[in-house]
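Colleague: Could you take me through this model, one question at a time?

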Number of protein chains: 2
Amino acid sequence: MKKLEKLFSPKSIAIVGASPKREKLGNILVRNILGGGWKGKLYFVNPKYSRKRSEYYANLGELKRPVDLALVAIPAPMVNDILQEGALSKPKIENFVVISAGFSETGEKGKKIEDDLKMIAKKHQLNILGPNCLGFINTSENLNATFTDARVEKGKIAVVSQSGALEVALLDWAEEHKAGFSKAISIGNKSILGENEILSYLSKDKATGAVALYLEDIKDGAAFISATFGSGCQKPIAVIKAGKSKAGQKAIASHTGSLAQDENIVQAVFEKFGIIQAGSVEEFQDIISYLEYNKIPQKKEIIIVTNAGGLGVLAADFLGSSAGLRLLDIPEKTKKMLENILPVGASSGNPIDILGDAPPERYRAVIGILAKNFKHFPLLVLLTPQNQTNPLAVAKILGYYRKMFPSLSASFVGGTKIKKALEELEKKKIPNFESPERALAAIRGTFSQKNCRRDIFSSVARKKIHLKMKTNRILEKVKLEKRNLLFWNETRDIFREYKVALIEAQTAKQAKKVDFRKIKFPCVLKTDEPGIAHRWDKKAVALNIRNRKELETAWKKIKKATKATNFLVQPMAKPGLEMIIGMKRDRDFGPVIVAGWGGTFTEIFKDSVIFVPPLTAYGIRKKIERLEIYPVLKGYRGEKGYNIGEITEIVLALQRIAAENPDISQIDINPAILYNNGRHYQTLDAKIYL
Amino acid sequence: MKKLEKLFSPKSIAIVGASPKREKLGNILVRNILGGGWKGKLYFVNPKYSRKRSEYYANLGELKRPVDLALVAIPAPMVNDILQEGALSKPKIENFVVISAGFSETGEKGKKIEDDLKMIAKKHQLNILGPNCLGFINTSENLNATFTDARVEKGKIAVVSQSGALEVALLDWAEEHKAGFSKAISIGNKSILGENEILSYLSKDKATGAVALYLEDIKDGAAFISATFGSGCQKPIAVIKAGKSKAGQKAIASHTGSLAQDENIVQAVFEKFGIIQAGSVEEFQDIISYLEYNKIPQKKEIIIVTNAGGLGVLAADFLGSSAGLRLLDIPEKTKKMLENILPVGASSGNPIDILGDAPPERYRAVIGILAKNFKHFPLLVLLTPQNQTNPLAVAKILGYYRKMFPSLSASFVGGTKIKKALEELEKKKIPNFESPERALAAIRGTFSQKNCRRDIFSSVARKKIHLKMKTNRILEKVKLEKRNLLFWNETRDIFREYKVALIEAQTAKQAKKVDFRKIKFPCVLKTDEPGIAHRWDKKAVALNIRNRKELETAWKKIKKATKATNFLVQPMAKPGLEMIIGMKRDRDFGPVIVAGWGGTFTEIFKDSVIFVPPLTAYGIRKKIERLEIYPVLKGYRGEKGYNIGEITEIVLALQRIAAENPDISQIDINPAILYNNGRHYQTLDAKIYL
């Protein structure tokens, strides 16, 4: 993949499908490019007009001049010829934006054309944006290479969208709200250039300070992780990911044909790599507004100043019901200072309620006090346009303090009376949100970006991979035998090499072959058959067997029900706290580890967390704290706590097994039993799948 | 309480504190009243000017003409004299709006003044709005009796707010967005007239079609229920209730001094009585916008039409992750009709994606098809301003269909390009929401109003109250003995009268007095002391006692630890599904019943529901379905289900006990054990508190 600078900052553009007819896409493209003030060289390509009009070329080959970018707006069936023509022309054209629709999004026939497009692109090493895309805008170059005439100002956010329609809406919104963008890139069907290539490019783009991304699917999870890990660490990335629900996935399937991804894993990945997730279009816009002017907050504690007690309460409510951001406890000393300047009835607590009769000077006095010691805390200023409160004057005061507070937001709520104030805030680069809740959601959202870094950086120093000889041999054997589930003894040996406990058990093919001297009653009898993965459903387990005779009876019964030939006898374990821990290799993101409460009602309460490697003990522990069952783990109602380090140990071991043995697709430990009496944890059952 | 028509639609108003100085509140009030076009008679009262200026009266007594309403804007310490003056003047003045602040909201001194105000009001039977309020607007009378100069159009929504600041913001918002109101009433400290009186008044107000209510506390739960039950049944009531979280309650406490209410109960009450709950200021505004022009949807299934696939997916996502509203499954026949007019690549499923190149005619064609068979379903039309889609033309098409769809909403997303379209939608009385998610949240919110009615109506035919003789006698005795917890045998007798099961148990004062012929081992020993409510914490229980000797040992141990003299021996129960069921009498809303899962981790998963009387078996069952444990109750993973009717039976019995015995403040059944083997449920422990 060649670098994309030339594509997004071309000195010369050929428009394939340029047309003198105003309603034609090619014409609109020309107008948008010329209207934007771009300074490069523009060529028109259209065989229809090349005879009559000297400014038109019949094809790309005829052009014979350097063309940094070809913008293609002709019917889909003709696109591939053009690409080939460009690739073979001298000098070679390497960069294309295919605006044309009519590819895989329209069905089988279009998919065939797109497959050919991909082949041609790979053969000739072409960079192609699209097809079926809106094009792109590069405000640094005053270049609007899209078919929408939105006038977007320069800004530090790059918008990247898998939906052209949503991009149009965002650009129109930006024009109205004077939000600036560095780039606006529509990736369409992303045949060649997808989110990953664009993210890598933007990570080095000086004009871009943050990226806002609309995605319906993630093309290559591993590449996505490395692209975001590369760029996201320096620049905030905000994502709105469509298809979170079944209904949404169904809509995507009919809309793009993409297969559904496991959204729980997608979200765990976003969180792990500090990608800011927006829950709705508006939150996406709000996060963009926030990032445009503010830094990611340094502190988790916010200060709220309000002239409307009610709004302050609603803001506190919002924070109370959510994690990640909370109200700063204002120190007594500062409270005293505030009380000195506030009237009776005002509240020096947080939210600081300066009352409905607050003149602008009262805002100034309060913010002045806060500017002394609290400028690194996020500050949110609420206002309703009451008689004594001149909104414009307050906006000007905030403008004065703009540079002192790296995270300063406003929520002036109203309509007519606050219009001028909103313009002033815009001018002073202070984002205003239509409600306190929206402001807080945006601030809280961006905060996740900062939160994640420490964990990643401390864990990237990965351990070297050491192949385990025994494990390796076992897996080779399993592959040879074309099994996809391991026998108990194989699992035991692998676990032993990786230091994961597994309960002692005897395997046998017949009841009479069991060594009863080694059996402690009561015991458990199960099958040990690669063909029987879910023993409960197949009636392949008997619990609480009290003596030899009961064992033999159970053996017969199970044999009859399951036709099993391999059996397993193991002791009943002492009751303790049951956990389920497993590894699965996600199609898109590779291995992830899941741990959760494993009691009788596991599937009812679904109390589990997903760990995305690379993992550290600290990161694992932080996530375990989110389990609902965590209070029990920690020690609940006078009961002793459990050794959470043991869970961490198992999770880390599963991470290593996954990393060192790519053939293993899944591991299920169900249950691992923890004890709070000093006893070491025990796993009662474990399955390893190829 | 006199009727409030005169207060809100006065023919004559006296402004106490009227002033020729522009900056004075009294002057602002006069200007706002005169500026609004109100046609009544206005009197000015201010002793400062009565000598020099003929239009001023020195006091209310001097006026000697009928005054329907006195608007009071003078310092708090002088207000009570004015009220008294008005009450004693001839003709008597009965209606007051006290704008002045400086009452209970400012501390002890102000509280004293407000207490006096209440006394005077009660003595003379005065209607008082406020104090510390904004006043009110009555658009039917062109009367703006507030100190904000917002110009609000006529509309069908009445806004009632406990926060003046929020009301100012809403009025300003309404002015900008041309949202109309019938009334805007600021209730301030609600000393005399609170939400309940206002709701009762509005329920009969012809200009008001729906009520939007901002509340920080509910003054009198029972009155609130009867006020909303009276009016809410006919007119939708939307509430934004501040103080949902601890942080919010803290903010309210410092802001109004109100004591926190149990928010779970408040929410259960809202739901029970079909009050629409808004989660944020914006949702509140959105619900107001929706109600202004639309009916509450008849159907739970929504149809979405979009020219932006991505927005459709995000809308589907939103619905997928929430209950109450879902996408209509469009019948095959209609799909065929849609496919006939839609291009390749479009989706005839729901959301109906008519593609980015959709001209307005395509919207018309699709909505035309829907108008034939689906006009009673809520319809949401999404649009982003793409090249071929003229937003204004689409808005006009929607205008044409406005009257056919009782629930028609739009979400045109963008900025500059959709401005004119938004004006057109406004003109055609179609609410537009800035994002699909906001539209759906508003529609779903309003839907709850319709949902609740059936349950209430079928349960209001309450059973007559029959005092139970035995229960009555027991409670009299307990009161005489000044106990607040009943003995086991008393609880047993009451439960017997109300047909609630309670496990057999022997009470005894000494181990040797126990009738061992009647004891089945293993058994349980507990104290039966009114002084020991929480036996576990006090080590007042011994489980799994296997023989007489163990019983005697346990007896001694417990006696030593607790000094108890009354004991209880009962059999160990067979294990089953444990439930906790209880009744508590809420300070504000009277008896509510709580039922939930009662396993070991009850307090971890907090899986419970609140029932607000009056209850029906049907309503109870519907709510039980919301328990996370419900799949287990119904029969889980091949296990048999439990008799949910038994829970219903217990809940109904507790409702009767609460209704017939106002002295009982609380009942705890913990646990009730359900069985799925035909066995009748059993309760192992129950406590009745006075």
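What follows is a set of questions and answers on domains, the pairing of chains, helix packing and the backbone.

Modeller: Before we start, this is a predicted model, in which local features need pLDDT of at least 70 and side-chain atom pairs count only at pLDDT 80 or more, while totals for chains, interfaces and linings use all residues. Residues are numbered from 1 along each chain as its sequence is written, and chains are lettered from A and ligands numbered from 1 in the order in which they are written.

Colleague: How far apart do the C-alpha centres of domain 1 and domain 4 of chain A lie?

Modeller: Chain A is divided into domain 1 (1–134), domain 2 (150–293), domain 3 (301–439) and domain 4 (577–689), with bounds that come from an automatic or database domain assignment. Between domain 1 of chain A and domain 4 of chain A, the distance of the C-alpha centres is 52 Å.

Colleague: Which helix supplies the largest share of the side of chain B that touches chain A?

Modeller: The contact takes 78 residues from chain B and 78 residues from chain A, where two residues are in contact if their C-beta atoms, placed from the backbone, lie within 7 Å. Helices supplying at least two residues each on the chain B side include α7 (164–177), α10 (246–256) and α18 (436–459) of chain B; helices (H or I, at least four residues) and strands (E, at least two) are DSSP runs, numbered from the N terminus. The largest share, eleven residues, comes from α7(B).

Colleague: How are α23(A) and α25(A) oriented to each other?

Modeller: Helix α23 (residues 617–624) and helix α25 (residues 644–660) of chain A pack with their axes 10 Å apart, at an angle of about 120°, the axes being lines fitted to C-alpha atoms over the stretch in contact and the angles running from 0 to 180 degrees between N-to-C directions. Angles under 35 degrees count as roughly parallel, over 145 as roughly antiparallel, 65 to 115 as roughly perpendicular and the rest as oblique. The orientation of α23(A) and α25(A) is therefore oblique.

Colleague: And how are α5(A) and α6(A) oriented?

Modeller: Helix α5 (residues 76–88) of chain A and helix α6 (residues 108–124) of chain A have axes 9 Å apart, at an angle of about 5°. The orientation of α5(A) to α6(A) is therefore roughly parallel.

Colleague: Where is A:Pro614 found?

Modeller: A:Pro614 is joined to A:Pro613 by a cis peptide bond, with omega about 5°. The place of A:Pro614 in chain A is the loop between β25 (608–611) and α23.

Colleague: In which strand is B:Pro671 found?

Modeller: The peptide bond from B:Asn670 to B:Pro671 is cis, and its omega is near -5°. The strand of chain B that holds B:Pro671, residues 666–674, is β26.
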